[in-house]
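This report walks through a few features of one protein model, for a reader who has not seen it before. Please look over the sequence and the structure first, and then read on.

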Amino acid sequence: MVRLNAVLAILFITSLISAQQAQFTPFSSQAYSVDHFTGEVYCRDWVSWAVLKLDPKTKVITETDLPSVPIFANKSHIGIVYDFGTKDVYRYDFETKSRTLIIDSLNIDQDLLVGSFSPDDKKFVLADFEYNFTTGKLYERSNVNDRSKTFWSSDSSLIIFNQDRNIYHYYPESRKVDTLVAFSEFYPQVTDIAYNSKLKKLFYSTIEASYNLLLHEFDIGTRKDSGIYDMIKVEGRSLAKQFISLSWSPDEKMLAFIGLYATQSDADLYVYHADSAKVFKLTNDLNNAGKKYYLNWLDNKTFIFQNATEARVLYSYTLSSDITDVKIKKQVPSSYSFSNYPNPFNSSTIFCFAVPERCSPELSIYNSLGQKVKTFYTGTVEKGSTERISWNGTDERGRGVSSGIYYALLNIDAQGNKNSQAIKLILIK
């Protein structure tokens, strides 16, 4: 049945930097996937729980009888759907509009299904399970559970990012697990991943203790890990939250992702161009600001994403003909900022400060009696600079100080105009 409000969907175009943005309204969506055989979008309605089909060209939305948002195959027009009521898994043929039961009563407790087909379409992964179409074998749960994202790195191996925020290389047949990226402490922390099968490289993002965002390139064969984008270094912006929704275009030449900031009041769109090995910022404080997620590509020029603060409305974004024309404008802070993380801390803490003008800052640590413990930053910095300094709880001679309350004092001299900011620290050993 066609939903009346969906048939009357409105399309409007907003001009952005070297790009075009379109909004599909009015419906809300919890999750979606793209059918690259037809260019249509399937999404879950937030209110009725029905699976809807959107034609981006006509802007017409129709209701389907599918039990879940489909996971599409690579080479044929079929998909996998999961019935949350019966717990059954079906193979759905979109040409004949027929479905076939392949797994009976598979208990999946994830509302947003994580899954994909292997490159040859002979296997697929659904949540924490893998299935082989040729043998009809359903693999038992591995010790890499609670998966957030999975990609087939070959017809026999998976790249898995799960809720422990580590990245694994997993082989279903042998049950072998190989850790690719792992962090033993809370920061830095992996926030999202994407795999490029043509380059055989893993791309992942991290957030650092200073709230800086980094984008990494990891070569699966050589294990070489390279940082390819540093938000503070390039944009002069700190206190960001995370890079999310890393997603490769169908031809695997462009990686789109979202920069979400600590306030969650604004977010930006980015694209990494594999040919030029450069990152381009497409927007600057998006007009429809809010938490964006589930970014995916319609084709090699257009991707779609959601705005959770606006009833999960779907947006599309079409790139300009020449992506290299898009420039990143470094943001110069309008005022002085001074922060640290973590606090309290038991080993080390990182200070981050940004300055709106050329100045001479000095950062010192004082104990609760007002005695200076250490001065470990002096010098002159340029306009718009952002600095990060780590303190490991030692004094001027490198000796460890005792647990207690300390104060970090940042004194700034800008052409005779003085500014001071302080942070109360709690050291726990």
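This is a predicted model: local features need pLDDT of at least 70, side-chain atom pairs count only at pLDDT 80 or more; totals for chains, interfaces and linings use all residues.

The table gives the relative accessibility of each.

| Residue | Relative accessibility | Class |
|---|---|---|
| Tyrosine 407 | 34% | partly exposed |
| Tyrosine 32 | 10% | buried |

Because buried means under 20% relative accessible area, tyrosine 32 with its 10% falls in that class. Leaving aside residues up to four places away in sequence, tyrosine 32 touches a set of residues that includes Val41, Tyr42, Cys43, Val69, Tyr294, Phe305 and Leu314. The C-alpha atom of tyrosine 32 is separated by 9.5 Å from that of isoleucine 71, although the two residues are 39 residues apart along the chain.

Elsewhere, four strands form an open sheet in the order β19-β20-β21-β22, and their pairing is antiparallel. Strands β19 (189–196) and β22 (225–230) stand at the edges with a single partner strand each, so one side of each has no neighbour in the sheet. From one strand to the next, the twist averages 25°. Between β19 and the antiparallel strand β20 (residues 201–207) there are seven bridges, and isoleucine 193 stands opposite tyrosine 204 in β20.

Conventions:
Residues are numbered from 1 along each chain as its sequence is written. Side-chain values use heavy atoms; hydrogens and water are left out. Buried means under 20% relative accessible area, exposed over 50%, partly exposed in between (1.4 Å probe, protein chains only). Two strands pair if DSSP finds at least two bridges between them. Helices (H or I, at least four residues) and strands (E, at least two) are DSSP runs, numbered from the N terminus. Axes are lines fitted to C-alpha atoms, for helices over the stretch in contact, and angles run from 0 to 180 degrees between N-to-C directions. Contact means heavy atoms within 4.5 Å.
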